[in-house]
Amino acid sequence: MARFEYTTRLACSRDGLFDFLLRPANVMRVSDPQTGLNIVKAPEIVEVGSQIEFQLIGFGQLQGATHEIVELSRPDRIVEVQLRGPLRSYRHEHLFEPERDGVLMVDTIEFEPPGGLLGLIANADRIIDQFEQGFFARQQQLERLVASGELA
(Lines give C-alpha, C1' and ligand atoms only; values in the text may rest on other atoms or scores of the structure.)
Protein backbone atom coordinates (compact mmCIF):
# COMPACT_ATOMS: atom_id res chain seq x y z
CA MET A 1 0.00 0.00 0.00
CA ALA A 2 1.30 3.45 -0.94
CA ARG A 3 1.27 6.36 1.50
CA PHE A 4 1.16 10.14 1.07
CA GLU A 5 1.35 12.79 3.80
CA TYR A 6 0.92 16.55 3.58
CA THR A 7 1.08 19.10 6.38
CA THR A 8 -0.49 22.55 6.31
CA ARG A 9 -0.01 25.27 8.94
CA LEU A 10 -2.66 27.96 9.07
CA ALA A 11 -3.13 31.01 11.28
CA CYS A 12 -6.72 30.21 12.14
CA SER A 13 -8.53 28.27 14.84
CA ARG A 14 -8.66 24.50 14.79
CA ASP A 15 -12.44 24.59 15.33
CA GLY A 16 -12.89 27.05 12.46
CA LEU A 17 -10.89 24.95 10.00
CA PHE A 18 -12.54 21.72 11.15
CA ASP A 19 -16.05 23.16 10.75
CA PHE A 20 -15.14 24.68 7.37
CA LEU A 21 -13.99 21.31 6.01
CA LEU A 22 -17.06 19.45 7.28
CA ARG A 23 -18.94 21.13 4.43
CA PRO A 24 -18.34 19.39 1.06
CA ALA A 25 -19.15 22.66 -0.74
CA ASN A 26 -16.18 24.29 1.04
CA VAL A 27 -13.91 21.37 0.16
CA MET A 28 -14.83 21.96 -3.47
CA ARG A 29 -14.04 25.69 -3.11
CA VAL A 30 -10.47 25.02 -1.96
CA SER A 31 -9.73 22.10 -4.28
CA ASP A 32 -7.30 22.40 -7.17
CA PRO A 33 -9.34 23.63 -10.17
CA GLN A 34 -7.33 21.33 -12.44
CA THR A 35 -8.95 18.29 -10.79
CA GLY A 36 -12.35 19.35 -12.11
CA LEU A 37 -13.91 18.29 -8.81
CA ASN A 38 -17.69 18.26 -9.00
CA ILE A 39 -19.79 17.08 -6.08
CA VAL A 40 -22.75 15.09 -7.36
CA LYS A 41 -24.43 14.26 -4.05
CA ALA A 42 -23.47 15.09 -0.47
CA PRO A 43 -25.03 16.36 2.73
CA GLU A 44 -24.52 20.02 3.64
CA ILE A 45 -22.41 18.94 6.63
CA VAL A 46 -20.80 15.50 6.90
CA GLU A 47 -21.01 13.19 9.89
CA VAL A 48 -20.11 9.54 10.47
CA GLY A 49 -21.84 7.50 7.78
CA SER A 50 -22.17 10.39 5.33
CA GLN A 51 -21.43 9.52 1.73
CA ILE A 52 -20.08 11.95 -0.81
CA GLU A 53 -20.51 11.21 -4.51
CA PHE A 54 -18.28 13.22 -6.81
CA GLN A 55 -16.52 13.37 -10.15
CA LEU A 56 -13.02 14.49 -10.94
CA ILE A 57 -10.56 14.43 -13.78
CA GLY A 58 -7.67 12.05 -13.24
CA PHE A 59 -5.11 11.16 -15.87
CA GLY A 60 -7.20 12.83 -18.54
CA GLN A 61 -10.38 10.91 -17.74
CA LEU A 62 -13.57 11.93 -15.95
CA GLN A 63 -13.94 9.54 -13.04
CA GLY A 64 -16.68 9.02 -10.51
CA ALA A 65 -16.19 8.06 -6.88
CA THR A 66 -18.04 7.69 -3.61
CA HIS A 67 -16.38 8.25 -0.24
CA GLU A 68 -17.82 7.60 3.21
CA ILE A 69 -16.95 9.34 6.47
CA VAL A 70 -16.07 6.44 8.79
CA GLU A 71 -14.66 8.38 11.76
CA LEU A 72 -15.24 11.90 13.02
CA SER A 73 -13.90 13.19 16.31
CA ARG A 74 -14.55 16.90 16.75
CA PRO A 75 -12.29 18.88 16.35
CA ASP A 76 -9.38 16.46 15.96
CA ARG A 77 -9.95 13.96 13.21
CA ILE A 78 -11.93 13.00 10.12
CA VAL A 79 -11.40 9.72 8.26
CA GLU A 80 -12.92 8.95 4.88
CA VAL A 81 -12.66 5.83 2.75
CA GLN A 82 -13.44 5.13 -0.87
CA LEU A 83 -16.49 2.94 -1.42
CA ARG A 84 -16.38 3.24 -5.19
CA GLY A 85 -13.78 4.84 -7.42
CA PRO A 86 -10.74 4.46 -9.61
CA LEU A 87 -8.29 3.32 -6.92
CA ARG A 88 -8.27 -0.22 -5.54
CA SER A 89 -8.36 1.30 -2.05
CA TYR A 90 -8.20 4.77 -0.53
CA ARG A 91 -8.21 5.93 3.09
CA HIS A 92 -7.75 9.63 3.96
CA GLU A 93 -7.16 10.76 7.53
CA HIS A 94 -7.35 14.49 8.34
CA LEU A 95 -5.78 15.42 11.70
CA PHE A 96 -6.15 18.88 13.23
CA GLU A 97 -3.59 19.80 15.89
CA PRO A 98 -3.69 23.12 17.75
CA GLU A 99 -0.56 25.25 17.66
CA ARG A 100 0.29 28.48 19.44
CA ASP A 101 -0.39 30.59 16.35
CA GLY A 102 -3.09 28.47 14.70
CA VAL A 103 -3.53 24.92 13.55
CA LEU A 104 -1.47 22.17 11.96
CA MET A 105 -3.48 19.99 9.59
CA VAL A 106 -1.93 16.65 8.67
CA ASP A 107 -3.46 14.73 5.78
CA THR A 108 -2.43 11.10 5.41
CA ILE A 109 -3.62 9.03 2.48
CA GLU A 110 -3.05 5.30 2.15
CA PHE A 111 -4.03 3.90 -1.23
CA GLU A 112 -3.57 1.19 -3.80
CA PRO A 113 -3.29 2.29 -7.44
CA PRO A 114 -5.86 1.06 -9.94
CA GLY A 115 -5.44 -2.18 -11.80
CA GLY A 116 -5.85 -2.87 -15.47
CA LEU A 117 -4.81 -0.47 -18.22
CA LEU A 118 -5.29 2.59 -16.02
CA GLY A 119 -2.86 1.07 -13.54
CA LEU A 120 -0.13 1.16 -16.17
CA ILE A 121 -0.44 4.94 -16.35
CA ALA A 122 -1.56 5.71 -12.81
CA ASN A 123 1.19 4.14 -10.74
CA ALA A 124 1.78 5.12 -7.10
CA ASP A 125 4.48 7.70 -7.89
CA ARG A 126 2.31 9.51 -10.43
CA ILE A 127 -0.68 9.47 -8.09
CA ILE A 128 1.47 10.91 -5.29
CA ASP A 129 2.61 13.68 -7.68
CA GLN A 130 -1.04 14.54 -8.33
CA PHE A 131 -1.83 14.50 -4.61
CA GLU A 132 1.13 16.83 -3.97
CA GLN A 133 -0.09 19.30 -6.60
CA GLY A 134 -3.67 19.15 -5.34
CA PHE A 135 -2.80 19.65 -1.68
CA PHE A 136 -0.43 22.50 -2.48
CA ALA A 137 -3.26 24.22 -4.39
CA ARG A 138 -5.63 23.59 -1.46
CA GLN A 139 -3.11 25.10 0.95
CA GLN A 140 -2.86 28.24 -1.17
CA GLN A 141 -6.65 28.61 -1.28
CA LEU A 142 -6.94 28.12 2.49
CA GLU A 143 -4.20 30.70 3.10
CA ARG A 144 -6.15 33.19 0.94
CA LEU A 145 -9.29 32.58 2.99
CA VAL A 146 -7.38 33.09 6.24
CA ALA A 147 -5.78 36.30 4.91
CA SER A 148 -9.18 37.65 3.84
CA GLY A 149 -10.67 36.90 7.26
CA GLU A 150 -13.22 34.44 5.86
CA LEU A 151 -11.55 31.60 7.74
CA ALA A 152 -10.69 32.65 11.29
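**Close-up 1. His67 and its neighbours in the predicted model**. Leaving aside residues up to four places away in sequence, His67 touches Ser50, Gln51, Ile52, Phe54, Glu80, Val81, Gln82, Leu83 and Tyr90; contact here means heavy atoms within 4.5 Å. His67 sits in strand 4 (strands are DSSP runs of E, at least two residues, and helices are runs of H or I, at least four residues, numbered from the N terminus). With a relative accessible area of 6%, His67 is buried (under 20% relative accessible area, with exposed over 50% and partly exposed in between, for a 1.4 Å probe and protein chains only). The His67 side chain also makes a polar contact of 2.6 Å with the side chain of Glu80. Such a contact is a pair of N or O atoms within 3.5 Å; within protein, one must be able to donate a hydrogen and the other to accept it, and residues adjacent in sequence count only if both atoms are side-chain atoms.

This is a predicted model, where local features need pLDDT of at least 70, side-chain atom pairs count only at pLDDT 80 or more, and totals for chains, interfaces and linings use all residues. Residues are numbered from 1 along each chain as its sequence is written, and side-chain values use heavy atoms, with hydrogens and water left out.

**Close-up 2. Leu10 in strand 1**. Strand 1 covers residues 2-10, and Leu10 counts as buried at 5% relative accessibility. Leu10 and Leu142 are 132 residues apart in sequence, yet their C-alpha atoms are 7.8 Å apart in space. Not counting residues up to four places away in sequence, Leu10 touches Leu17, Asp101, Gly102, Val103, Leu142, Glu143 and Val146.

**Close-up 3. The buried residues of helix 1**. Helix 1 spans residues 14-21, and its buried residues are Leu17, Phe18, Phe20 and Leu21. Looking down the axis of helix 1, these buried residues fall within an arc of 160°, so they line one face of the helix (the arc is that of the directions from the helix axis to the C-beta atoms).

**Close-up 4. The cis peptide bond between Arg74 and Pro75**. Omega is about -10° for this bond. Pro75 lies in the loop between strand 4 and strand 5. For context, most peptide bonds are trans.
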